[in-house]
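Subject: Structure for your review

Dear colleague,

Please find below the sequence and structure that I am handing over to you. My notes on what was found follow directly after them.

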Amino acid sequence: MLTIGELAAHAGVTVRTVRHYHAKGLLREPERDHSGYRRYDGGAVVELFRIRTLAEAGVPLARVRELLQADDEKFATAVADIDRRLEAEISQRQRHRERIARLASGESLALPPEVVGFLDRLRGLGVDERIVRAERDGWIPLAARSPGRVAEWVARKREQIADPAFAGFYLDLSEALDRSDDDPRLVELADRVAAYVTQLADEQGEEYLGDPAGIEPALAELMDALVFDTVPSARRFIELLKQRGWAGWTALRRVDPAPAASAPTAPRPPRPGTRPSSSGGPSCPP
């Protein structure tokens with residue numbers, strides 16, 4: 001959970017701006033916790049990015065709330081109207097016109113084209129939309145904080161997803177989303193993921209699976225929160241992976257295998273582990 005200052009920092013705005021959006025009814029203001037502070041979840045960061053992008057594109061705040069709540073048809077009509085208005089303005093506004101024109105394509109809001117293409121590739125493989133959303137929401141802050149590295153990370157992610165076994169884990173996880181925590185098939189999936197990425201690390205080195213430069217811890221925690229909000233079963237999956245020698249989600253790392261929980265689980269294999277592609281795409285395991 002984030003303080004208002006942390007929320008503002010992640011989205012690249014000031015605390016005063018966040019409070020202004022609260023006052024305008026654009027961003028929901030959470031209740032205070034037992035310490036008297038307001039705490040925000042990862043979803044608030046994504047919503048704040050959307051509001052900021054629309055505002056920077058020249059949309060009056062009075063219309064931002066309407067656009068965020070509009071259905072696809074009304075949204076597209078509004079975007080077209082704004083585009084016509086921007087065409088009549090001086091060349092200094094051309095950059096804003098191009099940004100607002102992109103909004104009609106949905107996910108291109110705050111995401112580079114190569115990321116949108118990768119998300120479409122996941123859909124083409126049949127990956128569950130909840131996992132695609134988790135990927136998308138993780139890319140938004142990552143692309144905003146490190147735009148110069150997005151092309152490199154997406155290229156690596158595309159290379160990995162071309163491996164049928166790697167892509168198969170996305171599909172297996174899609175099927176596991178609605179399973180209970182004690183479903184043995186979730187345990188089996190954790191066994192196979194651990195063994196597979198360990199083999200890749202042994203054959204090609206951990207650099208193939210992860211970004212040597214890493215992701216700053218605060219950003220990794222934010223991206224983890226987005227995953228867990230969208231895919232709650234990911235928490236149980238990470239517990240199982242930790243029992244097999246991994247810790248984390250966005251930036252997995254080798255650790256000593258954690259002891260199994262009190263509930264019976266499948267036998268744990270010998271110590272595997274590596275970090276998956278924190279650079280290639282946040283949110284989902286290989």
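Predicted model: local features only at pLDDT ≥ 70, side-chain atom pairs only at ≥ 80, totals over all residues.

I begin with helix α7, where V115, V116, F118, L119 and L122 are buried.

What covers the buried residues of α7? The cover includes three further helices, namely α8 (129–145), α9 (150–161) and α10 (164–176). On the face of α7 turned away from its buried side, the exposed residues P113 and G124 are found. After α7 comes G126, and the phi of G126 is positive, near 95°.

I turn now to the protein chain as a whole. Its secondary structure comes to 14 helices and 2 strands. The chain has 286 residues, and buried residues make up 49% of them. Among the contacts in the chain with a separation of 6 or more, 64% are between residues 24 or more positions apart. The accessible surface of the protein chain comes to about 13,900 Å², and carbon and sulfur atoms account for 49% of that surface.

With kind regards

Methods. Residues numbered from 1 in each chain as written. Heavy atoms only, no water. Buried < 20%, exposed > 50% of the residue type's maximum accessible area, 1.4 Å probe, protein only. Helix = DSSP H or I, 4+ residues; strand = E, 2+ residues; numbered from the N terminus. Contact = heavy atoms within 4.5 Å. Areas by Shrake-Rupley, 256 points an atom, 1.4 Å probe, with all protein chains shown as cover.
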